[in-house]
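Q: I would like to learn how to read a few features of a structure. Please take them one at a time.

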Amino acid sequence: MTSRGEGLAFIVLLIVMSFIFQLQLKIFADQVAPVLSRPDLGLGEKLGELSRAALAWRPLFIAVLAGALFVLWFLALTRLDLSIALPVASVALVVNAL
């Protein structure tokens, strides 16, 4: 595979992983938002619920995905010109919006 082909493959992987990252982030926000909006819980109870949510597997998965996205972007940039990489990677914005 050529360097350009590898770079485009990294961009495609970046788009797919970006979609998964955004989805997981939204699911995590949906888990946390009800806790924050409950008026019957005190501050200590809210902090306890939030700490349990923060120590679950999803935030760790989100952090790993963010790191992997960072590395993939740099790998793509080492194989593609910026004038090609940026327009192709902007497809991720459209995919995530849909």
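Q: Which helix gives the most to the nonpolar patch?
A: In this predicted model, helix H1 gives the most, with six residues. Helix H1 (3-37), helix H3 (57-79) and helix H5 (91-97) each supply at least two residues.

Q: Which residues make the nonpolar surface patch?
A: Val-12, Val-16, Phe-19, Ile-20, Leu-23, Ile-27, Trp-57, Phe-61, Val-91 and Val-95 form the patch, and its area is about 820 Å².

Q: Is Ile-20 buried, partly exposed or exposed?
A: Buried means under 20% relative accessible area and exposed means over 50%, with partly exposed in between. Ile-20, a residue of helix H1, has a relative accessible area of 33%, so Ile-20 is partly exposed.

Q: At what angle do H1 and helix H4 pack?
A: The angle between H1 and helix H4 (residues 82-89) is about 25°, and their axes lie 10 Å apart. H1 is therefore roughly parallel to H4, because angles under 35 degrees count as roughly parallel.

Q: Is the crossing of H1 and H4 left-handed or right-handed?
A: H1 and H4 make a right-handed crossing.

Q: Where is Leu-86 found, and is Leu-86 buried, partly exposed or exposed?
A: Leu-86 belongs to helix H4. Its relative accessible area is 45%, so Leu-86 is partly exposed.

Q: How many residues apart in sequence are Leu-86 and Gly-5, and what is the C-alpha to C-alpha distance in space?
A: Sequence separation and distance in space are read separately. For Leu-86 and Gly-5 the separation in sequence is 81 residues, and the C-alpha to C-alpha distance is 15 Å.

Terms used
Residues numbered from 1 in each chain as written. Predicted model: local features only at pLDDT ≥ 70, side-chain atom pairs only at ≥ 80, totals over all residues. Heavy atoms only, no water. Patch = residues over 30% accessible without salt bridge, like charges linked within 9 Å, V, L, I, M, F, W, Y side chains within 5 Å. Areas by Shrake-Rupley, 256 points an atom, 1.4 Å probe, with all protein chains shown as cover. Salt bridge = Lys/Arg side-chain N within 4 Å of Asp/Glu carboxyl O. Helix = DSSP H or I, 4+ residues; strand = E, 2+ residues; numbered from the N terminus. Buried < 20%, exposed > 50% of the residue type's maximum accessible area, 1.4 Å probe, protein only. Axes fitted to C-alpha atoms, helices over the stretch in contact; angles between N-to-C directions. Parallel < 35°, antiparallel > 145°, perpendicular 65-115°, else oblique. Left-handed = near helix turned anticlockwise from the far one by under 90°.
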